[in-house]
Amino acid sequence: MRVLSGIQPTGRPHWGNYFGAIRQYIDLQENNDGFYFIADLHALTTVRDPAQLRENVLNAALDLLALGLDPNKATLFVQSRIPEVTELTWLLLTGTPMGLLERCHAYKDKKERGLPADAGLFTYPVLMAADILAYDSQIVPVGADQVQHIEVCRDLAGSFHHTYGETFVMPKAKTLDVGAKVPGTDGQKMSKSYDNTLPLFGDVKKIRKQIMRIVTDSRPMEDPKDPEGDHLFELYQLFAGPDEVAAMVEKYRAGGFGYGEIKKAVAEVSEAHFAPARERREELEKDLDSVRDILDAGAVRAREVAGAVLDRARSACGVR
Ligand code: ATP
Ligand code: MG
C-alpha cells in the first residue's frame, strides 16, 4: 500500500508527538511503500523566518532518520521540492466550493477567535489534498483532528472525477492509535502550546531537570497510591517493559516512596529508550551532506510519481 504522511517543520518533537504519531508512521514503512514528506509549504503559514524554516526542515529530516525512518524502505522528501503538487493544488482549487473551506476547523477556529487569517491558511486543506492525491496515496495515517481534511480531499477528488472522469486514487484515512495521550509536565496533554513538553532530543541534563519538575500531588510518602490516572506512572509506562510496569504498580500500591524516586525512574527508562536515536542523530549531524543526498533522492522518486499523476489531471481537465 502507498502510505503518505507529512510532518510540519515547526519545532522540536516531544514525547507526545513521538508516541502519538511519529513512531506509528515510521512503523508503517515495514510493510508498505511509505512516502514521508516535510511540509515546508504548510509551515509558511506560521514560520516567517527563512533561516529558521531551513533549519527546521533539516532538523525534521534528522529527527525522522534518527528515529528509524529508513530511506531504503521509504521515500523521504521536502514538500516544496515537488512543484507538481502546487500545480495540482490550482487544478483542485478551481473546483473547490468556498463553503467547504469555510467549514474547515483550522480556518474556522482562527476566525472565531477574531485572529487574522490569510488565504494560505484558508486554502491549506486543498494543498493537503494535492499532497495526498499527487502520490496515488492509498492510506493516510492521521490523528483524529486531521480526519476532516482527508474527507475534504476525498470530496475534491470525487467532484473532480464527477466533472472530468476517473483520475485519482481515492485515499483512506487511517486513524492513529489514540490510546496514548501523553501527559505533559503539568499533567495536561503534552502540547507545544501548553509549554509542558519533554523533548526527544537535546541536552540530557536539562531534560532530566524538566522531568524532576513534573507536577505531582502532595500525599505523604507512606500512603499507598493508585497508579491509575497518575501521569508520572503513565509516562513510565511508555518506556518500561511489562515486568518493570508490574513492579511499579506494586510499589505504588505499597506506598512508602517519594515521587522523586519515580521521576528518576522515568528519567532512566526514557534516556535508555532514546539513547540509540540520540546517537544516530549525532552521527547524522556530522554528515549533513548525506542527509541532503537522501532528501534529493527522495525528491527524484516523489517527482516521478507526482509527474505522472499531474499529467493525468492535466489531460483530464484540458490544460494540455
Ligand atoms: P500544538 O500545541 O501546536 O497543537 P502539539 O505539541 O500538540 O502542537 P501537533 O503538531 O499538534 O503537536 O501534533 C503532531 C502530532 O502529534 C499529531 O498527530 C498529534 O495527534 C500528536 N500528538 C501531539 N501531542 C500529543 C500527545 N500529548 N499525546 C499523543 N499524541 C500527541
Ligand atoms: Mg496539537
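Predicted model: local features only at pLDDT ≥ 70, side-chain atom pairs only at ≥ 80, totals over all residues.
The protein chain has 13 helices and 5 strands. Its radius of gyration is 22 Å, close to the 20 Å that the globule rule gives for 320 residues, so the chain is as compact as a globular protein of that length.

**The whole chain**

- Along the principal axes, the C-alpha atoms of the protein chain fill a box of roughly 75 × 45 × 35 Å.
- Of the 320 residues in the protein chain, 35% are buried.
- Take the contacts in the protein chain with a separation of 6 or more: 78% of them are between residues 24 or more positions apart.

**Helices α3 and α12**

- Two packed helices are described by the angle between their axes and the distance between the axes.
- Helix α3 covers residues 50-66 and helix α12 covers residues 259-285; their axes come within 8 Å and cross at roughly 135°.
- Angles of 65 to 115 degrees count as roughly perpendicular and those over 145 as roughly antiparallel, and α3 and α12 are therefore oblique to each other.
- The crossing in which α3 passes α12 is right-handed.
- On the α3 side, the residues that meet α12 are Leu62, Leu65 and Ala66. Their partners in α12 are Ala277, Arg280, Arg281, Leu284 and Glu285.
- Sorted by class, this contact of α3 with α12 has 5 nonpolar, no polar and 3 charged residues.

**Helices α7 and α8**

- Helix α7 (residues 119-133) and helix α8 (residues 147-164) have axes that come within 9 Å and cross at roughly 70°.
- That angle makes α7 roughly perpendicular to α8.
- From α7, the residues Pro125, Val126, Met128, Ala129, Ile132 and Leu133 take part in the meeting with α8.
- The contact of α7 with α8 divides into 10 nonpolar residues, 1 polar and no charged.

- You can find Val291 in helix α13, which spans residues 288-317.
- There are 17 other C-beta atoms within 10 Å of Val291. A residue needs 20 or more to be buried and 12 or fewer to be exposed, so Val291 is partly exposed.
- Apart from its neighbours within four places in sequence, Val291 is in contact with Ala61, Leu62, Leu65 and Leu284.
- Val291 and Thr86 are 205 residues apart along the chain, and their C-alpha atoms are separated by 25 Å.

- Most residues other than glycine have a negative phi.
- Asp136 is not a glycine, yet Asp136 has a positive phi of about 50°.
- Look for Asp136 in the loop between α7 and β4 (139-142). Asp136 counts as partly exposed because it has 19 C-beta neighbours inside 10 Å.
- Asp195 is not a glycine either, and its phi is positive at about 55°.
- Asp195 sits in the loop between β5 (172-175) and α9 (204-212). With 9 C-beta neighbours inside 10 Å, Asp195 counts as exposed.

Key:
Residues numbered from 1 in each chain as written. Chains lettered and ligands numbered in written order. Helix = DSSP H or I, 4+ residues; strand = E, 2+ residues; numbered from the N terminus. Rg over C-alpha atoms; globule rule 2.2 N^0.38 Å. Contact = placed C-beta atoms within 7 Å. Axes fitted to C-alpha atoms, helices over the stretch in contact; angles between N-to-C directions. Parallel < 35°, antiparallel > 145°, perpendicular 65-115°, else oblique. Left-handed = near helix turned anticlockwise from the far one by under 90°. Nonpolar A, V, L, I, M, F, W, Y, C, P; charged D, E, K, R; others polar.
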